[in-house]
Amino acid sequence: MTPETPMGEGLPGPTAPHPGDSPDPQLVELAPEDPTINTANQQLEDGVNRCPTCGSTDIQLRVSSSMLICLFCRHEWAEALVEPLVSGQESLRDLTGTTLASGAADIDNDADAGMLTLKCAGCGSEVVVNTSEVMSSRCHWCRHVLTVNEQMPNGAVPDAVLPFTVTRDQAVAHIKEFAGKRKMFADRQFVAEFTPENVVGVYLPYMVVDSNARGTVEGVGEVQTRKYTRGSGDNKETVYDADIYRIDRHLDFTVDDLTLESSTERSDMNAFVNTNNVINTILPFDTKNAVQWNANYLVGYTSERRDTDVSALMPALEDQLLSIVRSEVRSSVTKYDRGVRWESEGVAVHGTRWVSMYLPVWLYSYYHEDRGRAMVHYIAVNGRTGETMGSVPVSHKRLAVAALTAGTVLETIAITILAVS
């Protein structure tokens with residue numbers, strides 16, 4: 001057995017407390033709290049987002065340019081990128097503890113159910129907005145559009161939003177192409193009722209995470225030294241001799257902008273009732289281009305509210321970090337030609353930084369029942385890249401006919417070959 005050399009540098013181990021030791025009250029009092037980055041858009045704190053040129057509040061996203069446009073004077077502009085505000089000058093290698101952007105704070109279930117009262121800066125009247133359903137409302141007295149920019153503790157307002165760049169027409173074309181390639185074996189009812197024009201643009205809530213971590217995997221690897229045959233006739237067997245090595249790998253690494261689902265409903269991957277899993281197949285998003293929150297980016301689109309806290313997402317984060325460790329060490333164990341079996345693995349997360357973000361998705365859904373079993377099928381289009389993935393209900397009858405036809409043809413060919421020979 002040959003000991004292996006670790007890949008990364010060792011870290012100093014923690015000093016074990018002496019039995020009976022207790023925390024120093026003064027040190028506990030002075031211990032720094034996890035930092036918070038304030039990402040609130042201070043320019044919109046009054047709830048009125050005016051065009052910088054004419055002062056109009058009729059504003060929406062122009063998808064072709066990914067910028068906001070004033071519907072009155074046609075002036076275009078964009079909010080500032082959120083990345084410089086969140087990252088600052090700190091290297092990911094120096095990331096320690098848990099850093100939260102203000103929009104990623106824990107959800108307060110005891111807070112107001114989502115009702116927010118905005119005071120119109122135009123006429124002074126008060127307008128009530130249900131943030132569980134909409135993020136803007138028009139003042140019924142002076143017609144100003146009021147948008148929700150305050151980061152409420154109900155998860156409705158994220159730190160940043162990544163605007164759509166794929167237009168609705170482009171999304172419809174992608175969905176038509178995707179379903180068209182699967183039309184032959186699709187359920188006939190789905191084909192008859194397929195209306196891609198019903199696609200909906202939706203902003204889905206994600207947590208975007210930076211991490212500084214150290215991963216460790218340990219196991220055994222085998223290198224083949226000889227291969228030979230024993231016995232004869234029906235008792236012949238092949239024997240492999242191999243040297244067995246105990247190996248371990250340590251990897252210090254950083255992760256930049258890992259995306260995690262932060263909606264409980266959307267992260268429900270129950271493949272027996274829906275095909276939610278297609279959402280994560282259209283990743284990645286260019287999250288570096290996300291901008292500071294402005295509710296006008298959502299005009300004309302729907303959105304889902306975040307309902308998951310950072311603590312609930314830690315297991316998913318650690319699972320993905322472990323996947324990265326396994327992938328990164330793979331190239332260092334190729335010499336073990338009979339394979340490697342990892343027997344233990346772990347990841348120590350030194351630091352994380354969390355930013356809540358709305359990411360753009362075009363979504364087509366189709367409710368289908370087959371022999372009493374209900375299923376919701378989705379076709380999703382990445383609102384930035386056009387990457388498309390989804391599912392369509394299949395016709396089992398057509399699949400059976402195709403299988404029988406293919407089998408008959410192959411059987412006929414085999415019989416013909418045997419007859420000729």
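I looked up the second largest pocket and noted a volume of about 180 Å³. A pocket, on a 1 Å grid over the protein atoms alone, is an open set of points where a 1.4 Å probe fits, with protein on both sides within 12 Å along at least five of seven lines. Volume is the space filled by probe spheres set on the points, which are joined across faces, edges and corners.

The model is predicted, with local features needing pLDDT of at least 70 and side-chain atom pairs pLDDT 80 or more, while totals for chains, interfaces and linings use all residues. Residues are numbered from 1 along each chain as its sequence is written, and side-chain values use heavy atoms, with hydrogens and water left out.

I then read the lining (residues with an atom within 4 Å of a point). The second largest pocket has 11 lining residues, and L260, E261, L313, A316 and Q320 lie nearest its centre. Strand 12 (237-261) and helix 5 (310-329) each give two or more of them. Helix 5 has the largest share, 4 residues. Helices (H or I, at least four residues) and strands (E, at least two) are DSSP runs, numbered from the N terminus.

Next I turned to the largest pocket, which holds about 240 Å³ of space. I found 13 residues lining it, with H368, D370, P393, V394 and H396 the closest to its centre. Strand 15 (340-370) and strand 16 (373-382) each supply two or more lining residues. Strand 16 gives the most, 3 residues.
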